[in-house]
Amino acid sequence: MLPLLQGFADQLRLQGKSPHTLDAYLRDLHSLQPLLGERNCLQVKADDIRKAMATLHARGLGSRSLARKLSSWRQFYDWLLQRQLISGNPCLGLRAPRQDKPLPKALPVDGTAALLEHIEPDDSLSLRDRALFELMYSSGLRLSEAVNLDLPDLDLTEQLMRVRGKGNKIRLLPIGRTALDYLKQWLAERQSSPDCVAVFVGRHGQRLGGRQVQKRLAEWSIRTGMDRHVHPHMLRHSFASHILQSSGDLRAVQELLGHANLSTTQIYTALDFQHLAKVYDAAHPRAKKKD
């Protein structure tokens, strides 16, 4: 197999593949041979590839890694097929196991409160940050939805706001009491350019940008002593997770988040289950580990 691998590697170099990519291909191909036993790589059938994948999966290899290996093997056998060394590619028609959808990263309730309450509004920028992050957590806003809010979108009397989501779809969202208090304080101090109607503006009176928000939240999380990197979308994830934990109403969470499909919202049920599992492990007498 080594001469064939060398020829395949030479072809990859001619295609301009980077040394890192080349090493990855060769690692994947070297991992195949031990899985084939005594069988020559030119004699491999689809069942052999299927069994090799099943073996790696049983050993705990993740779906992403399996998909990458299968892709490397498929390209290698395509190369062999082009040189008429085999009659068919044994990897055709095979798929790696479905990739697990990563769970959204949410903050715990007390961690979210600690982060927000650490933002002491002692100047206009910190007041703006407190109002912005309270509002994002209060209503589950996407970052783009928050920075695109305009003054006419707010109805402070009814504690509602009009939000433009994905696909320019409009939805009405409630504003929580704490968020409303800080929002009113910020609007009383807000200074902007004459033509700017953005709710949240920067130091020079122009609409606040998404990167500025990311940077400010990261800075506040460091000051709070958070043990993880906190980004704006975590406030939205935390909102969804905490609402679902309290209410169990998946449909309501879907409407609040502006998801077109319920399946998109259902990923938060996994977070809710994790929360319940932790409560069970901590509280149930048969779940506690013996000292």
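Modeller: Helices (H or I, at least four residues) and strands (E, at least two) are taken as DSSP runs and numbered from the N terminus. The model is a predicted one, in which local features need pLDDT of at least 70 and side-chain atom pairs count only at pLDDT 80 or more, while totals for chains, interfaces and linings use all residues. Residues are numbered from 1 along each chain as its sequence is written, and side-chain values use heavy atoms, with hydrogens and water left out.

Colleague: In which loop does Asn-168 lie?

Modeller: Asn-168 has a phi near 60°, a positive value in a residue other than glycine. At 57% relative accessibility, Asn-168 counts as exposed, where buried means under 20% relative accessible area, exposed over 50% and partly exposed in between (1.4 Å probe, protein chains only). Its place is the loop between β2 and β3.

Colleague: Is Gln-84 buried or exposed?

Modeller: Gln-84 sits in the loop between α4 (63-82) and α5. Its phi, near 60°, is positive although the residue is not glycine. With a relative accessible area of 72%, Gln-84 is exposed.

Colleague: At which residues does UniProt place the feature "active site"?

Modeller: The annotation comes from an unreviewed entry. UniProt positions are given in the numbering used here, feature names are shortened, and annotations may be inferred rather than shown by experiment. The record lists Arg-142, Lys-166, His-233, Arg-236, His-259 and Tyr-268.

Colleague: Which residues is Lys-166 in contact with, leaving aside its neighbours within four places in sequence?

Modeller: Lys-166 is in the loop between β2 and β3 (170-174). It counts as exposed because its relative accessibility is 61%. Contact means heavy atoms within 4.5 Å. Beyond its sequence neighbours within four places, Lys-166 contacts Arg-142 and Glu-145.

Colleague: What is the relative accessible area of Arg-236?

Modeller: Arg-236 belongs to helix α10. Not counting residues up to four places away in sequence, it touches Gly-140, Leu-141, Arg-142, Glu-145, Arg-171, Leu-257 and His-259. Arg-236 is buried, and its relative accessible area is 2%.

Colleague: A polar contact of 3.5 Å joins the side chain of His-259 to which residue?

Modeller: His-259 lies in the loop between α11 (250-257) and α12 (262-265), and it counts as buried at 15% relative accessibility. A polar contact is a pair of N or O atoms within 3.5 Å; within protein, one must be able to donate a hydrogen and the other to accept it, and residues adjacent in sequence count only if both atoms are side-chain atoms. The partner, side chain to side chain at 3.5 Å, is Arg-236.

Colleague: Which residues of the largest nonpolar core touch the most other members?

Modeller: A nonpolar core is a set of buried Ala, Val, Leu, Ile, Met, Phe, Trp, Tyr and Cys residues joined through side-chain atoms within 4.5 Å. Among the 38 residues of the largest core, those touching the most other members are Phe-133, Leu-141, Met-161 and Phe-200.

Colleague: Which element gives the largest share of this core?

Modeller: Two or more residues each come from α5 (109-118), α6 (124-139), α7 (143-147), β2 (160-164), α8 (177-189), α9 (210-224) and α10 (232-247). The largest share, six residues, is from α6.

Colleague: The side chain of Arg-128 reaches the backbone oxygen of which residue?

Modeller: Arg-128 is in helix α6 and counts as buried at 3% relative accessibility. Leaving aside neighbours within four places in sequence, its contacts include Trp-186, Phe-200 and Arg-216. At 3.2 Å, its side chain reaches the backbone oxygen of Val-201.

Colleague: Which elements do the buried residues of α9 pack against?

Modeller: Helix α9 has 15 residues and reaches 21 Å from first C-alpha to last, close to the 21 Å expected at 1.5 Å a residue; the expected span is 1.5 Å times one less than the number of residues. Its buried residues are Val-213, Arg-216, Leu-217, Ala-218, Trp-220 and Ser-221. They pack against α5, α6, α7 and α10.

Colleague: How many disulfides does the count come to?

Modeller: Cys-41 counts as buried at 3% relative accessibility, and Cys-91 counts as buried at 0%. A disulfide is a pair of cysteine sulfur atoms within 2.5 Å. By this rule the number of disulfides is zero.
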